[in-house]
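I opened the model today to go through it piece by piece. These are my notes, in the order I looked things up.

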Amino acid sequence: MSCLVSRLRYYLDISEDDEKLVLELEKQEVNYKARRTLNLQQQKNNLFILKRGWLYRYADLQDGRRQVLRVHYPGDIIGLTDIAMCETFGDLATATDVTLCPFQKKHLDKVFIQSPRLTALIFSLGMLEEAILLDRITMIARNNAVNRVANYMLELYSRQKIHTNNTVFTTFNMPLTQDVIADALGLTNVSVSNAFAQLKQENKILNHRKKITILDPDKLKKDLNFIDRFFEIDTSWFPNA
């Protein structure tokens, strides 16, 4: 099954016709190796469905540093927040080997015309990305390095949990390097490393061989007042099927 269809079905029962509309957007596939940079401005008329792998969006700052804005996972539509813009913001970098399905923005017209409910859901996923980014900005402004790293691991954990039926899901792959995590949280590599060491000492999070284990996710969420935006979205306002 399509990763995007699987993600959409987590939030909403979609029809076979809706599934066909989504699959039409995934006809073309392009593969990229890890540690590749993709210039979004050169493809500003396209959106992308991430079919396999992890990549992240970043912006280069004037002082030479980098700000990582978003991490994308299989099932994400990349570029939703740019859809109304004439210019894109930032570029993409692959954290692993990835498969992308590019499609032109104008090809969403069939979705908009034929399926108002699917349109509402795709719109909501774009707003979800914005809400999570705002949460992270707020979290960075009021937390120390240890809590920033813990919050970020909960964010990554929550996004991946919606694709598993494992009720005791606590361990997930972590292909992001420490410098990517640091650039997402406004920290240094050393402070990220020290934060992981402290979280391990406190029996909260283990970081071992590109895997993260959150020992008690529910307790950690409560301790940090973490809001799991991925768990549920409000579909009460969606048009009727």
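**Entry 1: the domains.** I am working with a predicted model. I looked up the domain assignment first. It gives domain 1 as 3-126 and domain 2 as 142-224. I then took the centres of domain 1 and domain 2 over C-alpha atoms, and they are separated by 24 Å. I counted the residues in the contact: domain 1 puts in 17 and domain 2 puts in 13.

**Entry 2: buried area.** How much area do domain 1 and domain 2 bury between them? I noted about 1300 Å², with 61% of it on carbon and sulfur atoms.

Entry 3: I counted 3 salt bridges between domain 1 and domain 2. I looked up Arg66 again. Arg66 pairs with Asp179 in a salt bridge, and their closest N and O atoms are 3.3 Å apart.

**Entry 4: the domain 1 side.** Next I asked which elements supply the side of domain 1 that touches domain 2. Helix 1 (3-11) and strand 5 (66-72) each give at least two residues to that side. Helix 1 has the largest share, with 5 residues. I sorted that side of domain 1 by class: 10 residues are nonpolar, 4 are polar and 3 are charged.

**Entry 5: Ala150.** I found Ala150 in helix 5 (residues 145-161). Is Ala150 buried or exposed? Its relative accessible area is 1%, so I marked Ala150 as buried. I listed what Ala150 touches, leaving out residues up to four places away in sequence: Leu199, Ile205, Leu220 and Leu224. I checked one of these for distance. Leu199 lies 49 residues from Ala150 in sequence, yet the two are 7.7 Å apart from C-alpha to C-alpha.

**Entry 6: Gly53.** I placed Gly53 in the loop between strand 3 (46-52) and strand 4 (55-60). I marked Gly53 as buried because its relative accessible area is 13%, and the cut-off for buried is under 20%. Beyond its neighbours within four places in sequence, Gly53 is in contact with His72, Tyr73, Pro74, Thr96, Asp97 and Val98. I also took the distance from Gly53 to Val5. They are 48 residues apart along the chain, and their C-alpha atoms are separated by 16 Å.

Methods:
Residues are numbered from 1 along each chain as its sequence is written. This is a predicted model: local features need pLDDT of at least 70, side-chain atom pairs count only at pLDDT 80 or more; totals for chains, interfaces and linings use all residues. Side-chain values use heavy atoms; hydrogens and water are left out. Domain bounds come from an automatic or database domain assignment. Contact means heavy atoms within 4.5 Å. Buried area is the accessible area (1.4 Å probe) that two parts lose on being put together, summed over both. A salt bridge is a side-chain nitrogen of Lys or Arg within 4 Å of a carboxyl oxygen of Asp or Glu. Helices (H or I, at least four residues) and strands (E, at least two) are DSSP runs, numbered from the N terminus. Ala, Val, Leu, Ile, Met, Phe, Trp, Tyr, Cys and Pro count as nonpolar, Asp, Glu, Lys and Arg as charged, and the others, Gly among them, as polar. Buried means under 20% relative accessible area, exposed over 50%, partly exposed in between (1.4 Å probe, protein chains only).
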